[in-house]
Amino acid sequence: LSYRFILFCVVFLPFLEASSLPLWSAEKALSLQKIEEVSVAPDHSKTVYLVRKANFKRQSWEKKIFLFDHEKQTSIAFVEDLEKIQRLSWSQNSESIWFLAKGDQHLALWKKSIQSERAEKIYEPSDDMESYAVSPDETKLAYIAKLQSGKQSLPAKAYNIAEPKGLWIKK
């Protein structure tokens, strides 16, 4: 320890009142919201961003997608009702977003139009998706998924990249 630190502790700390120091609990620190992902539309008119916040009752993280309109300078909650949201991306025409979220059993690919009320589940594979790419005309999907341990075979049109992952091309 340096003598400056010891001098500070001996001389100045007694003058600080405990009530003047902000009290930060672990709960307060975790209740802060964190922006995890940001994606700007190809036409630069809008931005979507993913916000994470702790849910203490469920002992989990809540994630919501917000939509920011650059012209109006407003932000609205865009997707709130899904779990494990991640990997935001825009359609080529800037009219909808693609993202991964929990499906019935696994991480699935979802799409939500700027005009629609609810997101639509597009595809849920038999394993969790990790990453994806959608063709510009939105007719083809390529994705990487975790393979469950002990899986015997891969579906047709599957290309083994490295265990325990696989790449699927879906038309």
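Helices (H or I, at least four residues) and strands (E, at least two) are DSSP runs, numbered from the N terminus. By that definition the protein chain comes to two helices and twelve strands, and along the sequence they follow the pattern α-α-β-β-β-β-β-β-β-β-β-β-β-β. This is a predicted model, in which local features need pLDDT of at least 70 and side-chain atom pairs count only at pLDDT 80 or more, while totals for chains, interfaces and linings use all residues. Residues are numbered from 1 along each chain as its sequence is written, and side-chain values use heavy atoms, with hydrogens and water left out.

Of the 171 residues of the protein chain, 29% count as buried, where buried means under 20% relative accessible area, exposed over 50% and partly exposed in between (1.4 Å probe, protein chains only).

Tyr 49 lies in strand β2 (residues 46–55) and Phe 66 in strand β3 (residues 60–69), so the pair ties together parts that are 17 residues apart in sequence. The other pair, Tyr 123 with Tyr 143, is tilted, at 5.7 Å centre to centre and 55° between the planes, and this pair links Tyr 123 in strand β8 (residues 120–123) to Tyr 143 in strand β10 (residues 141–146), 20 residues apart. Tyr 143 is buried, with a relative accessible area of 3%, whereas Tyr 123, at 23%, counts as partly exposed.

Charged side chains come next. A search of the whole structure finds eight salt bridges, each a side-chain nitrogen of Lys or Arg within 4 Å of a carboxyl oxygen of Asp or Glu. In one of these, the side chains of Arg 52 and Glu 36 meet at 3.2 Å, N to O; Arg 52 lies in strand β2 and Glu 36 in strand β1 (residues 34–40), so the pair ties together parts that are 16 residues apart in sequence. Glu 36, Arg 52 and Lys 63 are linked in a network of salt bridges. Arg 52 also lies over the face of Trp 61, at 3.9 Å from the ring centre, a placement that requires NZ of Lys or CZ of Arg within 6 Å of the ring centre and within 35 degrees of the ring normal.

Another salt bridge joins Lys 46 and Asp 69 (4.0 Å, N to O), with Lys 46 in strand β2 and Asp 69 in strand β3. Lys 46 is buried at 18% relative accessible area, and Asp 69 counts as buried at 14%.

Note on methods: Phe/Tyr/Trp six-rings, centres within 6.5 Å; stacked < 30°, edge-to-face > 60°.
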